[in-house]
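Hi there,

Here is the structure I promised to pass on to you. Have a look at it first, and then read on for what turned up in it.

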Amino acid sequence: MGDGIRVGSVDTMYTMPSQPSFTLFTDGACLGNPGPGGWAYILQHDGEEIIDSGGEPNTTNQRMEVTAVLRALESLTSPAIVEIYADSQYVTKGLTEWMDGWLAKNWKNTAKKPVKNQDLWKRLAQLREVHNITTHWIKGHDGHPENERCDTIASTEAEKYAQK
């Protein structure tokens with residue numbers, strides 16, 4: 001029988017497709033805030049890695065942090081289980097603690113002001129409906145190998161945009 005989990009009795013057996021599981025590490029960087037910025041992610045699955053990065057000439061650190069997660073989730077072609085590791089509480093709390101309130105308040109924060117980076121957060125809200133997402137905050141610049149790699153890549157991207 002195909003990939004999946006068997007559910008039901010012998011008489012009513014059917015297969016539930018199992019979702020692939022990914023581990024995602026992300027980071028954003030900005031030279032000045034606002035200023036030239038970069039983002040990077042490392043997406044791991046079945047012992048393989050996909051690394052992607054990019055940047056913008058005039059942005060903020062928070063936009064780059066969110067963009068890294070957004071780009072990684074957009075790269076997935078089917079619903080998945082995704083564990084996100086980020087050194088940005090803006091990202092981790094935004095996805096797990098704040099977003100439901102933003103949605104309920106029509107994208108206003110607790111101060112009743114428009115949520116910053118709404119364009120990115122709205123796209124993440126849609127992706128959160130597709131994927132089973134959990135987040136883990138990790139301390140930045142603390143020797144975590146994948147976080148350090150993402151930081152280096154994102155910083156390199158920001159430097160590229162600073163030179164343009």
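Which side chain does the side chain of Arg-63 join in a polar contact of 3.0 Å? The partner is Asp-119. Before you go looking for the pair, keep in mind that this is a predicted model.

Some more on that arginine. Arg-63 sits in helix α1, which covers residues 61-75. With a relative accessible area of 18%, Arg-63 counts as buried, because the cut-off for buried is under 20%. If you skip the neighbours within four places in sequence, Arg-63 has contacts with Glu-56, Asn-117, Asp-119 and Leu-120.

Now zoom out a bit. The chain has four helices and seven strands, and from the N terminus they come in the order β-β-β-β-β-α-β-α-α-β-α. Of its 164 residues, 40% are buried. Take the contacts between residues at least 6 apart in sequence: 62% of them link residues at least 24 apart.

Next, the inside. The largest nonpolar core is made of 30 residues, and Leu-73, Ile-84, Leu-95, Met-99, Trp-121 and Leu-124 have the most contacts within it. At least two residues of this core come from each of β3 (21-30), β4 (35-45), α1, β6 (81-86), α2 (89-104) and α3 (118-130). Helix α1 gives the largest share, with seven residues. There is also a second, separate core of six residues, and Phe-25, Ala-29, Cys-150 and Ala-154 are among them.

Not counting residues up to four places away in sequence, Ile-84 touches Leu-24, Val-69, Leu-95, Ile-133, Thr-134, Thr-135 and His-136.

You'll find Arg-128 in helix α3. Its side chain makes a polar contact of 2.5 Å with the side chain of Asp-100. A polar atom of the Arg-128 side chain also lies 3.0 Å from the backbone oxygen of Leu-95. Leaving out neighbours within four places in sequence, the contacts of Arg-128 are Leu-95, Met-99, Asp-100, Leu-103 and Ile-133.

Terms used: Residues are numbered from 1 along each chain as its sequence is written. This is a predicted model: local features need pLDDT of at least 70, side-chain atom pairs count only at pLDDT 80 or more; totals for chains, interfaces and linings use all residues. Side-chain values use heavy atoms; hydrogens and water are left out. Buried means under 20% relative accessible area, exposed over 50%, partly exposed in between (1.4 Å probe, protein chains only). Contact means heavy atoms within 4.5 Å. A polar contact is a pair of N or O atoms within 3.5 Å; within protein, one must be able to donate a hydrogen and the other to accept it, and residues adjacent in sequence count only if both atoms are side-chain atoms. A nonpolar core is a set of buried Ala, Val, Leu, Ile, Met, Phe, Trp, Tyr and Cys residues joined through side-chain atoms within 4.5 Å.
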